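Please examine the structure shown below.

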Amino acid sequence: MIDKAITFATKAHTGQFRKGTSLPYIFHPMEVGMIVARMTDDPEVIAAAVLHDTVEDCQSVSMSVIRQEFGDRIADLVCAESEDKSKTWKERKAHTLETLAEEKDASVKLIALGDKLSNIRSLYRDYNHEGESVWERFNMKDKKMQGWYYLGLCDSMKDMSGYPEYTEFCDLVNKVFEDVIADIS
């Protein structure tokens, strides 16, 4: 199942790159899958982690395709991690924060934590290399708004605090958004 998900995601993300970089996009879902595999040995959760961006970011992939290829559980997990791109950035992020805070399915939270940890690792590396110009690659260029979202993720996922991945996530958020946190305090 995991091999099938890797093959599917690799094909679906062909030609895509991480924002503002020359890195093939597939590196991100593969990293998410590896992070999640450190937290669970459930092959469906790991497969969903690898597939988590296919519906959101690949025009040729719909939820029905995921359901047909991988079954209901994996489709439901992918759906839980997919954003509605018809909404504004702030609406999408506020919905994510609210949904994660209320989420009872640990599998959904594992995938979300893997996704967000991969994102903040990349952001931390790029921020240390590029400085404040890193924000120019994002739709939301306001560092304070990005900080609001990432700090909100720490709070929304606080029930994951038993995982070292959660600690790493919050540590990196605090490093990247140190000045935003100082402004809030």
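The paragraphs that follow treat the pocket and then the salt bridges.

This is a predicted model, in which local features need pLDDT of at least 70 and side-chain atom pairs count only at pLDDT 80 or more, whereas totals for chains, interfaces and linings use all residues. Residues are numbered from 1 along each chain as its sequence is written, and side-chain values use heavy atoms, with hydrogens and water left out.

Rolling a probe the size of a water molecule over the atoms shows where empty space is left. The largest pocket has a volume of about 970 Å³. Here a pocket is an open set of points, on a 1 Å grid over the protein atoms alone, where a 1.4 Å probe fits, with protein on both sides within 12 Å along at least five of seven lines; lining residues have an atom within 4 Å of a point. Grid points are joined across faces, edges and corners, and the volume is the space filled by probe spheres set on the points. Of the 42 residues that line this pocket, E56, E83, K85, K93 and N119 are the closest to its centre.

Several helices (DSSP runs of H or I, at least four residues, numbered from the N terminus) contribute to the lining. At least two lining residues come from each of α4 (54-57), α6 (72-81), α7 (89-102), α8 (106-130) and α9 (143-156). By class, the lining comprises 18 charged residues, 13 nonpolar and eleven polar. In this scheme Asp, Glu, Lys and Arg are charged; Ala, Val, Leu, Ile, Met, Phe, Trp, Tyr, Cys and Pro are nonpolar; and the others, Gly among them, are polar.

The structure holds 20 salt bridges, each being a side-chain nitrogen of Lys or Arg within 4 Å of a carboxyl oxygen of Asp or Glu. One of them joins E168 and R121, at 2.8 Å from N to O. This pair links distant parts of the chain, with E168 in helix α10 (residues 164-176) and R121 in helix α8, 47 residues apart. R121 is buried, at a relative accessible area of 15%, while E168 is partly exposed, at 27%; buried means under 20%, exposed over 50% and partly exposed in between, for a 1.4 Å probe and protein chains only.

R137 takes part in salt bridges with D126 and with E130. The closest N and O atoms of D126 and R137 are 2.5 Å apart. D126 lies in helix α8 and R137 in the loop between α8 and α9, eleven residues apart. Both D126 and R137 are buried. The bridge between E130 and R137 is also 2.5 Å, N to O, and E130 is partly exposed, with a relative accessible area of 32%.
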